[in-house]
Amino acid sequence: MLLLKHFQPMLLTSRSSGRPFSVFASLSARVGSIEDNKLGGWYSYRVSKAAHNQLIRTASVELNRRGCVIIALHPGTVNTGLSEPFQARVKPEKLFPVEKSAGMLLDVVDSLDQPDTGSFFAYDGSRIPW
């Protein structure tokens with residue numbers, strides 16, 4: 001949120017002819033979805049991501065007045081040290097190299113339009129319930 005606080009004055013407002021609108025996309029995780037919680041556990045991580053999601057949603061309401069798009073993104077399970085302890089339970093086709101995950105997230109950002117502000121998206125462009 002510190003990034004959003006300091007970059008907010010630089011975010012372009014509403015799209016005008018030939019000018020794109022600004023997008024602020026923040027990495028979150030599906031485990032931060034209250035509605036999508038089917039497994040329980042991971043209390044601290046879930047709570048921190050749920051709080052993060054609330055901050056993104058609240059900022060989107062305020063910055064939508066300026067025409068900015070603010071979203072949360074779930075990158076999937078990315079092959080990093082953070083996910084290493086859990087990778088044995090992940091299907092190989094769902095364990096993404098860093099570059100692939102980043103590319104998919106950029107595709108999601110490139111597909112956004114103003115009504116998408118305040119949303120939570122997965123790497124494949126699907127919406128995740130808050």
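**Trp42 and onward**

Guide: Trp42 sits in the loop between strand E1 (23-27) and H2. Helices (H or I, at least four residues) and strands (E, at least two) are DSSP runs, numbered from the N terminus. This is a predicted model, in which local features need pLDDT of at least 70, side-chain atom pairs count only at pLDDT 80 or more, and totals for chains, interfaces and linings use all residues. Residues are numbered from 1 along each chain as its sequence is written, and side-chain values use heavy atoms, with hydrogens and water left out.

Visitor: What is phi of Trp42?
Guide: It is near 50°, a positive value in a residue other than glycine. Most residues other than glycine have a negative phi.

Visitor: Back up to the whole chain. How many helices and strands?
Guide: The protein chain has three helices and five strands. From the N terminus on, the order is α-β-α-β-β-β-α-β. The radius of gyration is 15 Å, close to the 14 Å that the globule rule gives for 130 residues, so the chain is as compact as a globular protein of that length. That radius is taken over C-alpha atoms, and the globule rule is 2.2 Å times the number of residues to the power 0.38.

Visitor: What box do the C-alpha atoms fill?
Guide: Roughly 50 × 30 × 25 Å, taken along the principal axes.

Visitor: And what share of the residues is buried?
Guide: Buried residues make up 36% of the 130 residues. The accessible surface comes to about 8100 Å², of which 59% belongs to carbon and sulfur atoms. Accessible areas come from the Shrake-Rupley method with a 1.4 Å probe, and for residues only the protein chains shown count as cover.

Visitor: What about contacts between residues 24 or more positions apart?
Guide: They account for 61% of the contacts with a separation of 6 or more. Contact means heavy atoms within 4.5 Å.

Visitor: Switching to charges. How many salt bridges are there?
Guide: A search of the whole structure finds two salt bridges. The criterion is a side-chain nitrogen of Lys or Arg within 4 Å of a carboxyl oxygen of Asp or Glu.

Visitor: Which residue does Arg30 pair with?
Guide: Arg30 forms a salt bridge with Asp36, the closest N and O atoms being 3.7 Å apart. Arg30 is partly exposed at 30% relative accessible area, and Asp36 is also partly exposed, at 25%.

Visitor: And what does Arg127 meet?
Guide: The side chain of Arg127 meets that of Asp116 in a salt bridge (2.5 Å, N to O). Arg127 lies in the segment after strand E5 (120-122) and Asp116 in the loop between helix H3 (98-110) and E5, so the pair ties together parts that are eleven residues apart in sequence. Asp116 is buried, at 14% relative accessible area, whereas Arg127 is partly exposed, at 49%.

Visitor: Which side chain of opposite charge is nearest to Lys49?
Guide: Asp36, which is 14 Å away. Lys49 is buried yet has no salt bridge. Lys and Arg count as positive and Asp and Glu as negative, while His and the chain ends are not counted. Lys49 is in helix H2 (residues 43-64). Not counting residues up to four places away in sequence, Lys49 touches Leu27, Ser28, Ala29 and Gly32.

Visitor: Next, Thr77. Where does Thr77 lie, and what does it touch?
Guide: Thr77 lies in strand E3 (residues 77-78). Thr77 touches Ser83, Val90, Lys94, Leu95 and Phe96, again not counting residues up to four places away in sequence. At 28% relative accessibility, Thr77 counts as partly exposed.

Visitor: Last one. Is Gly67 buried or exposed?
Guide: Gly67 counts as buried, at 4% relative accessibility. Gly67 lies in the loop between H2 and strand E2 (69-74). Leu106, in helix H3, counts as exposed at 53% relative accessibility.

Conventions. Buried means under 20% relative accessible area, exposed over 50%, partly exposed in between (1.4 Å probe, protein chains only).
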